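The stops below go through one chain and then another.

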Amino acid sequence: MSKSRKVNITDLNNMSKINNNPDFVDFAVTARKYKTQLTKKYKSRKVWSNPSPYEIQSYIPGTIIQVPVEEGQIVKEGELLLIIEAMKMMNRIQMPFTAKIKKINVTVGSKIPKDMIMIELEGTED
Amino acid sequence: MTLKKNILALRQKKAIIEKGGGDKAIEKQMAMGKMTARERILALLDADSFHEYDMFVEHEERNFGMEDKVLAGDGVITGTGTISGASVCVYAQDFTVMGGSLGLKHARKITKIMDHALKMKMPCIGINDSGGARIQEGIGALAGYGEIFWRNTMASGVIPQISVILGPCAGGAVYSPALTDFVFVVENISKMFITGPNVIETVLGEKISQEDLGGARVHAEITGNAHFYALTELECLDQIKELISLIPHSNQQKAIPAKPAKPTFKKNIEKIIPSDPKQPYDVREIIFALADDSKFLEIQELWAPNIVIGFGRMKGETVGFVANQPLYLAGVLDCDASDKAARFIRFCDAFNIPIITLEDMPGYLPGVDQEHAGVIRHGAKMLYAYSEATVPKITVILRKAYGGGYIAMNSRHLGADFMFAWPGAEIAVMGPEGAANIIFRKEIMEAENEDAMRQQKVQEYIEKFANPFVAASKGYIDAVIEPLETRELLLHALEVSKNKDDYRPAKKHGVPPF
């Protein structure tokens, strides 16, 4: 038999042991739930959440070069919001629709990761 | 007396080159817990079988002070030898010689031994331990890598190619291993990445250690780039020897057969699968119960463990096993499992190894991450690989075969030569609970007691459809068999398909969903 590098092979002859083993969870594939173990990769997967149009997120990690807007300012669709330098390219982030700047979470020179909420928007009154 | 003098001079010259980068560099290598390139080759090959080629090759770089540097063998040892008596080609980068860096002549030594392997139909084993491109040689180093990649591709499917990562292997260097059939890694020693931690930190501001970025465990468990994972170099070399003994040494040969042996696994094959369909078991126990001597060499054991792949023997002949593993993620198919199985199936097909598929398959893994990662494209690789394969293809349905998974796991419809099912097999479009909910939605909704009605309908569905006999009545299953008969029937199936000849339309090559 080949040597196994898995943590351990559980004693599968004893079902009560499986049912009491915290590594084994109830896992729904369709309508049926199976007793099984999860992989490290599965456990660390990113859980989906609906993106909000009012949150400007970084799609690439990089350095903030310019933030030509201020909190409270109303910015028109298409106007420049930010410049991020990433992979030696200057990426210009434009306003997706006309709205008010609610909060700015970055400053010039800061290094930001991917998927960071850089600027939060709110609707204008009119 | 001149001859004697010349012989002594030759011996002296060889002794110097055999010292690689010299005592100090060797000490450093040992301090890192690593064997030297020469030690590795000698430990891998049968005693006294190594014949070195191109020992006296020297680089021709004339810039950046390189003109004064003499590099032993230009940092790589190449040659041939035997493993259990079978000839192989081997090369090992010597980290003690300028960090094992790859210059043009270093690369040309490698491509020469690769050409030799391809021509003479021998497996080629490359031991990687190199700081990367020799920057002083500039484009010459890049040319060298490219020439290696080209040969990796030419040799793919003709001779087995094995990459052993026993040190750093970064940047362009990673692509030769990635093009080869089997990659071996060792804990704390192997490091593989395209861009290292320094670049990642400078460009992206993300801090990560070499080990967490591209250490052995990462490639064995997360990326799937590695096929075999060992704790020590010697264990790794033993794994290579075991693999080499199991696979054919070219696409025109069969693997050297072993003496037929009965399984030694003590557990009764009827007792492995729990009666409750929701309970897991280790499908490798079924393989142990079927294979000669109960021996099974598992590949990519830690990555996508929801599918099990590897080699065993049946009556002395090598076979490939593909099996769903209910122990992990209930044995679903997902992106990684499909990639893993598809590549293995193509290896088996290229090298004349019959494939035995053991199926217990609840379906595909649901999830946004899976859909967005392209489970459609990845899943299609498996359909492609099974459909394309012309080696004998045998399936045993152990328990469940639902929906798309039923088709994907080497069904009759993809060209299986033999389809067997155990009597408890459920072959259906989906699990009974799901199916009853859809088919009898109206009855269930209109019933006074919805749950009772649902239970009744689920039971009806189980009795009518969750069995192997519907599929058998249509000829999609050749035989419903008792678990204890399985090995005999597999041996029979392998015996009668010995001369299998399968037609495929003429083409340059297919276009699989890579």
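Start with chain A, whose domain assignment gives domain 1 (11-45) and domain 2 (55-122); such bounds come from an automatic or database assignment. Select the two domains of chain A in turn: their C-alpha centres lie 43 Å apart.

This is a predicted model, in which local features need pLDDT of at least 70, side-chain atom pairs count only at pLDDT 80 or more, and totals for chains, interfaces and linings use all residues. Residues are numbered from 1 along each chain as its sequence is written, with chains lettered from A and ligands numbered from 1 in the order in which they are written.

Next, show the open sheet of four strands in chain A, ordered β3-β10-β8-β5 with antiparallel pairing. Strands here are DSSP E runs of at least two residues, and helices are H or I runs of at least four, numbered from the N terminus; two strands pair if DSSP finds at least two bridges between them. Now select β8 (residues 99-104) and β10 (residues 117-122) of chain A, which are antiparallel and joined by four bridges. Lys100(A) has Glu122(A) of β10(A) as its bridge partner.

Move to chain B and select helices α12 (residues 335-350) and α14 (residues 375-388), which pack at about 20 degrees with axes 8 Å apart. Axes are lines fitted to C-alpha atoms, for helices over the stretch in contact, and angles run from 0 to 180 degrees between N-to-C directions. α12(B) and α14(B) are therefore roughly parallel, a term for angles under 35 degrees.

Definitions and conventions
Angles under 35 degrees count as roughly parallel, over 145 as roughly antiparallel, 65 to 115 as roughly perpendicular and the rest as oblique.
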